[in-house]
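Dear colleague,

I am handing over the structure we spoke about, and my notes on it follow below. Please read them with the sequence and the model open beside you.

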Amino acid sequence: MCGIVAYIGQRRAAPLILDGLQRLEYRGYDSAGIGLMDSAGSFELHRSVGRVAALAESFEAGKISATLGIGHTRWATHGGVTVSNAHPQLSCHGQFLLVHNGVIENFRELRQFLVEREYSFASDTDTEVLVNWIEFCYRQESGVGIGILPQALRKALKGVQGTYGLALLCRDFPGTLLAARNGSPLLIGVGKEEHIVASDAAAIVTHTSQVIYLRDRELALMSGDELQVSTLQAEKVLTQVCAIDWAAEEVQKGPHEHYMHKEIHEQAQAITEALRGHVDERLASTRFGGIEPLAQELRGLHRLIFCACGSAWHACLEAEYLIEHYARIPVEVEYASEFRYRHPPLARHTLVIVVSQSGETLDTLAALAEAKRRGCSVMGITNVIGSSIARETDCGIYQHAGPEMGVASTKAFTSQLCLLAMLAIHLGRLRDLDYDEGLAFLRALRELPQKIEETLRLEQEISELAQRYAAHEQMLFLGRQTLFPIALEGALKLKEIAYVQAQGYPIAEMKHGPIALISEKCPSFIFETQASLFPKTRSNIQEIRARRGKVILVTTPDIPCDAGECEEHVVVPKTHPALQPILAIIPAQFFAYHVALLRGCDVDRPRNLAKSVTVE
Ligand code: F6R
């Protein structure tokens with residue numbers, strides 16, 4: 001949420017920062033800005049409302065020779081979308097320039113304090129309060145030399161409640177860049193005589209694969225090619241340089257018009273990566289090196305609690321069906337944002353699993369912290385190596401799905417479904433799941449990437465179908481058992497990128513209320529892949545059609561659906577029941593994508609949304 005890019009080195013900073021902002025645009029895209037500092041300590045500030053492209057057009061970046069600068073793409077929290085609320089924010093006496101992600105919770109008190117000391121404000125943002133608070137603390141410091149700068153920043157940040165990832169310039173120290181984090185991700189790319197600070201790796205991979213992950217309550221001081229990291233307590237931190245495993249081309253769209261389209265088509269590859277090294281033929285099971293530290297605990301588990309948000313929450317709901325069925329362990333699935341403020345009983349032998357593509361979702365991180373505070377072991381499933389969730393959990397599994405740049409999750413969701421099905425079988429085999437059942441699952445797992453490729457060939461059919469439904473303003477998504485989370489996910493996709501009122505329900509629940517919505521104006525997207533239950537679903541379809549509702553039905557080839565029983569019939573390949581949801585969601589992903597295109601929506605940057613939600 002909001003993207004930061006800052007640069008210090010030998011190259012011209014402005015084009016490099018703009019390029020980085022463009023790559024981070026999926027984090028926020030209501031306004032953008034850039035601040036540059038020349039060797040004499042003069043600031044040059046450019047800000048504009050709208051996309052980074054609008055900012056890039058507003059000045060000639062290539063002509064600015066400054067080799068130090070900070071940039072930001074915003075997702076508004078405090079204050080509307082205006083130029084004055086865009087970042088960077090300049091302090092009242094012009095000494096500091098700041099870009100900031102996160103929320104300063106005590107900004108009202110700080111603002112009042114500063115107003116009483118004749119500080120004035122030109123924006124509604126908490127960021128402007130923060131930059132002035134930093135300036136105030138700086139002016140209180142005595143002493144000379146560069147040390148005064150981290151000293152003042154430490155003092156200021158200790159007085160702040162809330163979250164921040166920030167990059168800061170000070171007019172008095174023209175060759176110096178400061179960065180700090182608490183709750184908002186920030187990493188530093190280490191190049192040859194240069195450093196690039198960014199909210200995530202997408203802005204860095206085209207320049208260097210060597211990065212340092214800042215941790216909470218750490219700040220970095222960069223001058224020349226030197227980097228010093230210290231804590232808010234002024235303890236020196238020994239930094240560890242890690243390698244990013246994303247290739248530069250992975251963050252580009254290639255021949256695809258949108259990231260979402262690219263990522264839908266990358267699902268076979270993402271699943272192949274999810275399987276790699278996790279199949280154990282000898283034991284007819286799956287194995288995960290990353291969760292070995294909890295091997296003993298996994299055998300004696302009494303209960304599992306999953307915490308996640310959005311699509312990752314839907315994947316966890318799927319895990320509930322699978323783990324309870326195959327491993328017979330009671331499972332609960334919590335919205336991370338609810339779990340953190342609830343007071344659920346957490347008896348012994350309860351393991352908490354947090355699932356997050358980005359590994360940075362603030363609500364999920366807070367649930368993780370709460371689970372640890374209550375003494376639970378916490379396992380993580382995340383796609384981003386080195387992310388906060390990866391670092392703060394006791395053990396975990398990486399998705400290795402590659403960067404997901406589309407705001408609507410697709411390949412990360414199906415890769416989570418796959419890993420969670422594999423975890424269900426792993427836990428089942430640790431208990432009393434039959435050897436042959438384990439083998440049958442592994443066989444299906446090996447064939448899965450091929451079956452995904454087959455399913456992806458449905459795109460043309462679904463894009464034609466989408467034309468017949470794109471004008472509808474509401475829609476129901478219905479499924480039973482393991483296809484109920486798929487119904488929720490299908491509805492979320494359509495809602496978030498095509499702005500259609502879409503709701504997901506268990507199909508039999510329809511008659512308890514949602515049936516009131518059915519009319520010729522409200523079609524239903526129904527998933528059914530269990531032949532034994534099709535007679536029930538058929539009755540539900542008839543109930544819908546009796547009320548003039550149109551039906552788009554997704555089934556496997558074994559479902560005996562007669563011609564004329566529904567308006568549209570999409571057939572996906574058959575696979576193991578634990579993996580079937582992965583194939584079932586693909587038509588709904590394509591449907592949402594094509595309906596959104598037909599409705600003229602910006603698929604990769606849906607309104608009001610941002611990837612990686614790092615505020616509460
Ligand atoms: C929906 C979507 C969001 C995320 C949610 C959690 O398409 O992408 O609902 O799933 O914000 O994000 P992560 O998985 O990064 O924690």
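In this predicted model, domain 2 and domain 3 bury about 3200 Å² between them, and 69% of that area lies on carbon and sulfur atoms. On the side of domain 2 that touches domain 3, the elements that give two or more residues are helix H6 (259-265), helix H9 (310-326), helix H13 (411-430) and helix H14 (435-456). Of these, H14 gives the most, with 10 residues.

Counted by residues, the contact involves 38 residues of domain 2 and 34 residues of domain 3, while the C-alpha centres of the two domains lie 25 Å apart. What does the rule find across this interface in the way of salt bridges and polar contacts? It finds 0 salt bridges between domain 2 and domain 3, but 14 residue pairs in polar contact, both residues of each pair being at pLDDT 80 or more.

As for the chain as a whole, the domain assignment gives domain 1 (3-244), domain 2 (252-456) and domain 3 (458-607). The secondary structure of the protein chain comes to 18 helices and 26 strands. Its radius of gyration is 26 Å, close to the 25 Å that the globule rule gives for 616 residues, so the chain is as compact as a globular protein of that length. Along its principal axes, the C-alpha trace spans about 80 × 55 × 45 Å.

With best wishes

Notes: Residues numbered from 1 in each chain as written. Predicted model: local features only at pLDDT ≥ 70, side-chain atom pairs only at ≥ 80, totals over all residues. Heavy atoms only, no water. Domains from an automatic or database assignment. Contact = heavy atoms within 4.5 Å. Buried area = accessible area lost by both parts, 1.4 Å probe. Salt bridge = Lys/Arg side-chain N within 4 Å of Asp/Glu carboxyl O. Polar contact = N/O pair within 3.5 Å; in protein donor to acceptor, adjacent residues only side chain to side chain. Helix = DSSP H or I, 4+ residues; strand = E, 2+ residues; numbered from the N terminus. Rg over C-alpha atoms; globule rule 2.2 N^0.38 Å.
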